[in-house]
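Dear colleague,

Please find the structure below, together with a short account of what was found in it.

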Amino acid sequence: MSHLSERPERSAVGVPLPHESARLHVTGAALYTDDLVQRTKDVLHAHPVQVMHAHGRITALRTAPALEVPGVVRVLTGADVPGVNDAGMKHDEPLFPDEVMFHGHAVAWVLGETLEAARLGAAAVEVDIEELPSLVTLQDAIAAGSFHGARPLMLTGDVDAGFADSAHVFSGEFQFCDQEHFYLETHAALAQLDEWGQVFVQSSTQHPSETQEIVAHVLGLHSHEVTVQCLRMGGGFGGKEMQPHGFAAVAALGAKLTGRPVRLRLNRTQDLTMSGKRHGFHAGWRIGFDAEGRIQALDATLTADGGWSLDLSEPVVARALCHIDNTYWLPNARIAGRIAKTHKVSNTAFRGFGGPQGMLVIEDILGRCAPLLGLDPAELRERNFYGKDQSTPYGQPVTHPERITAVWEEAQDQAGVAGRRREIAAFNAAHPHTKRALAVTGLKFGISFNLTAFNQGGALVLIYKDGSVLINHGGTEMGQGLHTKMLQVAATALGIPLHKVRLAPTRTDKVPNTSATAASSGADLNGAAVKNACEQLRARLLQVAATQLGGNASDVRIADGVARLLGREKEPGREKELGWDELVRTAYFQRVQLSAAGFYRTQGLHWDAKTFQGSPFKYFAHGAAVSEVEVDGFTGAYRIRRVDIVHDVGDSLSPLIDIGQVEGGFVQGAGWLTLEDMRWDTSDGPHRGRLLTQAASTYKLPSFSEMPEEFHVTLLQNAGEEGAVYGSKAVGEPPLMLAFSVREALREAAGAFGPGGVSVELASPATPEAVYWAIESARGADAGAATRADGAGRVAEVLSGA
């Protein structure tokens with residue numbers, strides 16, 4: 001076992017602890033970015049001037065009327081920017097645009113003594129616009145040939161030969177929805193200057209270093225003149241990886257120009273209409289199977305709705321291509337990706353980062369084709385699992401393919417699948433208007449950033465004279481429990497009780513050049529960096545302890561806050577141990593450095609984006625879910641009766657946190673796949689391009705009523721991961737894909753209303769309406785025929801028999 005993975009016998013990691021801020025969360029004492037406004041003097045409030053057209057060129061912008069509104073202090077426009085008027089890393093997102101690119105695009109910002117004054121001032125700003133043609137839907141963009149960014153192509157094997165060798169070939173298409181992040185805390189920033197004119201920004205951001213970089217180049221400053229801090233976020237889910245930068249820059253610009261602190265916080269409607277979503281996708285595909293149902297070839301084109309600018313669309317599409325295989329070996333594949341440019345908000349990172357979209361395509365294909373092949377969907381999936389010495393279409397060997405089978409079998413055993421299938425069959429036979437179904441799906445998700453350079457982490461650990469420890473690291477806390485894990489890692493690495501360790505807020509002046517807390521890599525990167533810093537300190541303290549105890553440093557062990565010399569218990573009259581506080585105090589008086597900067601870079605990664613080949617991931621996380629649903633044949637309404645999950649998190653750093661992440665990820669995935677139906681005005685009227693579902697009243701989020709009546713989550717045991725911090729694995733994103741089992745169960749339940757052998761097509765999200773139309777199609781289908789459901793596309797067998 002590697003040094004990084006090795007875990008001491010008595011350690012703080014692996015202990016099921018509550019979230020480090022849980023008490024603050026439930027009592028309301030936890031501070032978020034906007035709470036700091038009440039603690040800051042003379043704050044100005046920012047409000048956007050939004051233009052309610054999908055696309056148009058600004059011909060005039062008159063700000064004078066706003067300045068006549070009582071309480072308005074200033075109107076910020078592009079003319080005020082001293083640096084670069086751009087908030088994107090691709091330089092395609094002007095902070096103050098002269099061309100409106102989506103309905104609700106902000107073209108100026110008003111600063112007021114109160115938020116109400118700023119709002120009234122924004123309403124007084126006059127904007128003349130020359131309307132231009134707009135592309136609102138993904139279909140519009142595809143038809144118009146409107147694309148931007150890279151067009152990756154992933155090839156493996158001989159696709160044409162694979163189809164020639166196939167006994168059955170099917171083709172079809174599938175379009176599925178975007179998703180709103182709907183974090184509890186909307187985008188927020190608070191900026192102020194010190195006496196030197198340096199900028200300090202409190203920001204609700206997953207990527208403080210990049211927020212710092214954008215603020216600096218908008219203001220024409222160097223990065224060392226800007227400090228960004230993130231106390232915590234009230235949720236992020238990827239939506240605060242790239243998109244907070246512009247809001248922070250507006251606040252910082254306002255502070256720079258007025259000399260006063262500036263607060264920017266979007267209300268819920270602004271956040272929904274101005275911030276990006278999960279990318280909706282369209283997939284056109286063709287797949288070939290042999291006579292036993294094993295995949296021989298897959299040819300597919302994935303098109304993402306990128307919105308008006310690139311943001312993170314290119315890496316999102318790249319990850320979608322890298323995950324279209326999911327748990328299945330594709331010996332011959334040709335997968336193309338492209339990004340549609342539409343006149344909507346710029347879509348961005350969202351939990352899974354394209355992985356869910358790619359995996360959904362293959363799961364939908366198998367769910368639709370299984371009845372046509374005369375196979376149970378679970379059997380079809382199992383027949384295509386990765387085996388020993390097989391590699392992904394992009395050339396990375398699938399290590400531990402036995403984990404795919406392990407979680408699959410354990411989930412079914414714990415769920416009692418065999419017995420429950422008999423019960424479901426009996427229930428369905430007795431209930432013509434209500435059907436139940438049970439589905440099993442698995443997942444394989446690659447962990448690391450696709451861009452190799454991002455796979456690095458830093459930390460700064462300080463030990464004070466009294467023995468207390470303060471840790472700083474580059475990761476941000478958005479409720480996922482990262483800080484809890486880092487406290488456990490530090491306590492374990494130093495060999496001290498957990499109460500000795502405190503964690504400081506994430507700041508760019510403590511740990512520089514950090515990567516975003518994203519790609520499920522927060523604990524891997526920052527945990528290894530914290531461990532590295534603690535081990536440097538521990539090595540120095542071992543030398544001090546050895547001198548005090550009269551032995552060699554290699555024979556000293558620190559555990560439970562006590563340094564002991566191995567074998568000393570056999571030497572009566574000699575000092576046997578040294579307490580932590582005394583050891584630290586002694587080290588200080590010996591002038592031993594009690595601070596250390598830690599660093600970690602993920603080893604073994606290589607990726608060629610041009611050839612789309614390499615090993616971009618450190619390892620794969622695995623999981624399997626069994627979901628049972630009950631569907632009403634009259635309305636399509638359904639309920640999730642029971643869910644059983646077995647998930648692979650390696651050797652868990654913090655089991656209680658990890659189980660919570662699995663539960664939360666599953667629920668968010670179920671929302672995306674079954675409830676959250678984003679709608680846009682596609683008419684040619686005056687509101688074209690407007691987001692119609694811009695509140696919780698019209699955008700359906702998962703609630704208690706959608707939760708499974710029984711919900712069982714188990715972490716895979718004896719699953720330590722070599723080469724990862726204390727043998728753990730990432731847990732943030734992978735569980736979201738466990739929700740595929742719910743959608744597949746709904747498909748099977750709809751099919752139960754018709755004859756056997758019917759391919760049921762199910763729209764995504766699978767709302768009750770979509771399920772109803774799937775049921776109607778199944779009822780009217782002939783056995784073995786392909787069916788159509790709510791515009792989801794048509795499966796056609798283009799070649800049968802061999």
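**Cavities, a sheet and an annotated domain**

The lining of the largest cavity consists of 13 nonpolar, four polar and two charged residues. Please note that the model is a predicted one. The volume of this largest cavity is about 340 Å³, and among its 19 lining residues E93, H105, F247, M274 and W308 lie nearest the centre. Two elements, β5 (105–112) and α7 (244–258), each give two or more residues to that lining.

In the whole structure, four cavities of 30 Å³ or more were found. By class, the lining of the second largest cavity comprises eight nonpolar, five polar and two charged residues.

There is also an open sheet of four strands, in the order β16-β27-β28-β29, with mixed pairing. Because β16 (434–447) and β29 (710–715) stand at the edges with a single partner strand each, one side of each has no neighbour in the sheet. From one strand to the next, the twist averages 15°. Strands β16 and β27 (residues 619–632) are antiparallel and share 14 bridges; T434 has D632 of β27 as its bridge partner. Helix α12 (residues 402–415) packs on the sheet and touches β16, β27, β28 (638–647) and β29.

Finally, an unreviewed UniProt entry annotates residues 27–133 as "domain: Aldehyde oxidase/xanthine dehydrogenase a/b hammerhead". This span is 14% helix and 34% strand.

Kind regards

Notes:
Residues numbered from 1 in each chain as written. Predicted model: local features only at pLDDT ≥ 70, side-chain atom pairs only at ≥ 80, totals over all residues. Heavy atoms only, no water. UniProt positions renumbered as here; feature names shortened; annotations may be inferred. Pairing = 2+ DSSP bridges. Axes fitted to C-alpha atoms, helices over the stretch in contact; angles between N-to-C directions. Contact = heavy atoms within 4.5 Å. 1 Å grid on protein atoms, 1.4 Å probe; cavity = no way out; pocket = protein on both sides within 12 Å on 5 of 7 lines; lining within 4 Å. Points joined across faces, edges and corners; volume = space filled by probe spheres on them. Nonpolar A, V, L, I, M, F, W, Y, C, P; charged D, E, K, R; others polar.
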